[in-house]
Amino acid sequence: MAQEKIPVGILGATGMVGQQYISLLNDHPWFEVRYAAASPRSAGKKYAEAVAGRWQLTKTYAPHVGNIIVEDANDVSRAVAAFKKGGCSFVFSALEMGKDETRALEEQYAAAGIPVISNASAHRWTADVPVLIAEINPEHTDIIPMQKKARGWDRGFIAVKPNCSIQSYMKPIHALVKAGYPVQRIIATTMQAVSGAGYPGVPSLDMLDNIVPYIGGEEEKSEKEPLKIFGTIENGVFKNAQFPKISAHCNRVPVTDGHTACISLEFASNKPSLEEIKKLWAAYKGLPQEADLPMAPKQPIIYREEDNRPQPRKDRDADKAMAVVIGRLRPCNVFDIRFTALSHNTVRGAAGGGILNAELLKHKGFLN
Ligand code: NAP
């Protein structure tokens, strides 16, 4: 007999990332969207009305989702009432509002007994909140019981995912570090898609025929977040890793979806050959294979041998848009190696990554 699906809610359901959640969860075998919330501007409307004229994806939403009445995400009591009626077991947060407001609101949901799997940056630096890339640091979920105990939360907790700009190169670097080749220094130059700025995002006259060499806060996030992801849990909080040191240049480019990164890196001591690196990337799995998580890519790192790949339009959808695609691995004249990496920012870097984290948390017994 088919298992009953877990009812989930989406906060920020009408935005760029919220729409991806709605779309990706359409046929999900474990989770079903039954609750949607956004700003007071959308509250009270049917979901179909709230996104009319601003639905951005080619795949549409399920008919039952179109009929959901959108709630005000600031009113936690509505989600609690839905939870009590069996209509919202946990929420994905794709809110775009002030950082302090988001932080406080996500805590209110967790305190009210509703786990929050978030895409927002508000809690990435909260000392007892895990920043998860499911393949890299699944053991960081071990902090959740400590987080709940310290805050007196019984059922709720907060887990977040990192910035979309680092997704394409974190797994390839993790594969090397895990194999005994620690990385000392990285220079990362990103070319980030316009969908990364949400909807309506950057004005078209700033974007067409142009590149904008600044994305507020993005370079700081790219330089700091990997250190927490590679960190360890000590006394109920995260202790950051010291390395790699990262220098990031983040640029907005006129591409709809898919963040590309040019990476130069230096190893701390041992240096693998280029052939060995390709073998490590091909063998990289990360997740416990017995878990068989529905959103997990079969091949998390795909290497393309062609000189002119990866390219956003041709490679961003690889393996449900959840794989990262790498190319142009070659020696670096200044550091040790360099390569180009690509990942889909609103799927792997946002909603798909959030769903994979929720699948991991369910597999580990944190969600039901
Ligand atoms: P977006 O398109 O601007 O959508 C924002 C969502 O937040 C909408 O549903 C909006 O509701 C809601 N909202 C805005 N103000 C609110 C308020 N005062 N109270 C309650 N809800 C409010 O943004 P996005 O690109 O989807 O990003 C969502 C989150 O994901 C952000 O934290 C962002 O940093 C993060 N993220 C985005 C990406 C990406 O590639 N886009 C990648 C990784 C992480 P209305 O429609 O009613 O205004």
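Helix H7 has 12 residues, and its first and last C-alpha atoms lie 17 Å apart, close to the 16 Å expected at 1.5 Å a residue (the expected span being 1.5 Å times one less than the number of residues). Helices (H or I, at least four residues) and strands (E, at least two) are DSSP runs, numbered from the N terminus. Please keep in mind that this is a predicted model, where local features need pLDDT of at least 70 and side-chain atom pairs count only at pLDDT 80 or more, while totals for chains, interfaces and linings use all residues. Residues are numbered from 1 along each chain as its sequence is written, and side-chain values use heavy atoms, with hydrogens and water left out.

- The buried residues of H7 include Gln167, Ser168, Tyr169, Met170, Ile173 and His174.
- Lys171 sits in helix H7 and counts as buried because its relative accessibility is 1%.
- Beyond its neighbours within four places in sequence, Lys171 is in contact with Glu135, Ile136, Tyr284, Pro300, Ile301, Met322, Val324 and Arg348, where contact means heavy atoms within 4.5 Å.
- Just after H7 comes Gly180, with a positive phi of about 95 degrees.

**How H7 meets H10**

- The axes of H7 (residues 167-178) and H10 (residues 274-283) come within 9 Å and cross at roughly 110 degrees, which makes H7 roughly perpendicular to H10.
- For these values, axes are lines fitted to C-alpha atoms, for helices over the stretch in contact, and angles run from 0 to 180 degrees between N-to-C directions.
- Angles under 35 degrees count as roughly parallel, over 145 as roughly antiparallel, 65 to 115 as roughly perpendicular and the rest as oblique.
- On the H7 side, Pro172, Ala175 and Leu176 meet Ile277, Leu280 and Trp281 of H10.
- The residues of this contact are 6 nonpolar, no polar and no charged; Ala, Val, Leu, Ile, Met, Phe, Trp, Tyr, Cys and Pro count as nonpolar, Asp, Glu, Lys and Arg as charged, and the others, Gly among them, as polar.

**Helix H5**

- Thr102, Leu105, Glu106, Tyr109 and Ala110 are buried in H5.
- These residues cover an arc of only 140 degrees around the axis, which puts them on the same side of H5; the arc is that of the directions from the helix axis to the C-beta atoms.
- The buried residues of H5 pack against strand S1 (6-11), helix H4 (76-84), strand S4 (90-93), strand S5 (116-118) and strand S6 (158-160).
- Gly113 follows H5 and has a positive phi, near 95 degrees.

- The peptide bond from Tyr199 to Pro200 is cis, with omega near 0 degrees, and Pro200 is in the loop between strand S7 (183-192) and helix H8 (204-207).
- Another cis peptide bond, from Phe243 to Pro244, also has omega near 0 degrees; Pro244 lies in the loop between strand S9 (237-239) and strand S10 (245-252).
- Asp319, in helix H12 (residues 318-321), has a positive phi near 50 degrees although it is not a glycine, and is partly exposed at 23% relative accessible area.
- Ala321, in helix H12, has a positive phi of about 65 degrees without being a glycine, and counts as buried at 5% relative accessibility.

Methods. Buried means under 20% relative accessible area, exposed over 50%, partly exposed in between (1.4 Å probe, protein chains only).
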